[in-house]
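Please examine the sequence and the structure shown below.

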Amino acid sequence: TIMMLAHFQRCGHRVIALVGGATGSIGDPSGKSAERPLLSLEQIATNIEGIQENLSRFLDFDQSDVPAIMVNNYDWMKEFTFIDFLRDVGKHFRMGPMLGKESVRSRLDSSEGMSFCEFSYQLLQGYDFLHLYDQEACTIQIGGSDQWGNITAGIDLIHKLRGKQGFGITSPLITDSNGNKLGKSEGKAVFLSSRKTSCYEFYQYFMNVQDSDVISLLKVFTFLSLDEIAVLESELKEAPEKRSAQRMLAETLTRHVHGDEGLDSAVRATRVLFGGSLEGCGADELLRIFADVPSAELAREDVVDAGLLDVAVLAGVSPSKGKARRLVEDGGLYVNNTRAEDPARVLSATDLVDGCVLMLRSGKKKYTLVKVGT
């Protein structure tokens with residue numbers, strides 16, 4: 001949906017990004033098998049701040065000839081009392097169409113049921129469209145395909161109260177192989193914020209998408225032309241092992257979301273994971289990259305000025321000094337991705353990344369991250 005907004009803005013349209021300070025406290029039942037957890041106003045305020053930061057990577061709020069604006073529906077919904085809303089808005093909705101919406105029917109037929117709170121959601125979103133039609137001359141509302149019922153509620157309200165025509169555009173949801181929505185509430189989100197999904201994790205996610213999905217994702221998530229994507233599709237068929245399409249998707253999206261610096265960080269982390277130099281990597285970055293590999297916490301005196309073989313045993317890389325020695329002699333033990341040549345090597349403080357992390361590797365892929373105390 002954000003990419004749809006970006007395309008509209010690139011074509012010269014005035015884009016209004018609507019965040020749900022009010023509706024977010026209710027929870028949209030569309031596409032849900034259970035009621036969403038209700039959020040506090042403080043949580044919603046924090047979310048809105050993050051949403052604006054994320055949107056600014058795709059939408060131009062300042063420099064464009066037609067700058068985008070962001071509005072919060074709490075700003076107008078807070079003025080309503082319950083009685084006022086029922087009288088001024090609720091009276092224009094009929095129970096038949098409301099009950100007939102797929103998002104409502106599927107929940108009413110389930111064991112979970114639907115609360116009145118959720119049932120009222122379509123009234124709120126419908127009024128949002130009317131308000132933005134009146135205040136901002138907004139005539140088109142866009143959203144995921146699960147928003148169709150909410151969007152048509154607004155179209156109907158504009159027609160009844162203003163005698164004018166509103167329009168809705170929906171896009172297919174991105175789903176997994178089982179057809180499940182890839183969303184935050186399903187625990188399957190790739191976040192735009194590096195605080196929640198690191199640049200490396202973001203990059204790797206798109207590097208690892210299936211061949212069957214990558215072309216459609218290039219069309220959805222990038223601004224590449226169809227001709228450029230067609231070339232990548234041909235390369236995918238001819239040499240799928242090169243993963244040219246996935247690399248283009250990962251690089252383009254990571255640069256767009258995290259900038260050149262974020263892309264450089266992600267590529268550097270990928271290089272490290274596959275045995276490349278640690279140059280430029282800090283301890284925090286290594287901890288993120290190797291979050292899922294075995295780790296050991298050792299006291300500083302057990303690492304600095306200690307023999308490599310002793311550290312390898314303490315860290316669990318080898319069961320004994322004898323086997324650790326043979327590992328070094330066979331060229332199979334690495335310190336910070338550099339092959340250890342001398343079994344008698346003594347580690348120093350300069351071997352520690354940021355003074356607190358040491359990476360040991362046996363063979364090609366068996367990593368152990370050593371966290372060194374101060």
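## Overall form and packing

Of the 374 residues in the protein, 43% are buried (under 20% relative accessible area with a 1.4 Å probe, protein chains only). The model is predicted, with local features needing pLDDT of at least 70 and side-chain atom pairs counting only at pLDDT 80 or more, while totals for chains, interfaces and linings use all residues. Residues are numbered from 1 along each chain as its sequence is written, and side-chain values use heavy atoms, without hydrogens and water.

The secondary structure comprises 16 helices and 9 strands (DSSP runs numbered from the N terminus: helices are H or I with at least four residues, strands are E with at least two). The radius of gyration, taken over C-alpha atoms, is 27 Å, well over the 21 Å that the globule rule gives for 374 residues, so the protein is more spread out than a compact globule. The globule rule is 2.2 Å times the number of residues to the power 0.38.

A nonpolar core is a set of buried Ala, Val, Leu, Ile, Met, Phe, Trp, Tyr and Cys residues joined through side-chain atoms within 4.5 Å. Two such cores are listed here.

| Core | Size | Residues included |
|---|---|---|
| Largest core | 27 residues | Met77, Phe85, Phe93, Tyr127 |
| Second, separate core | 23 residues | Leu232, Leu236, Ala245, Leu253 |

In the largest core, the four residues named have the most contacts inside it. Helix α8 (121-136) supplies at least two of its residues, as do α3 (74-77) and α9 (148-162); α8 gives the most, with 8 residues.

Definitions and conventions. Buried < 20%, exposed > 50% of the residue type's maximum accessible area, 1.4 Å probe, protein only.
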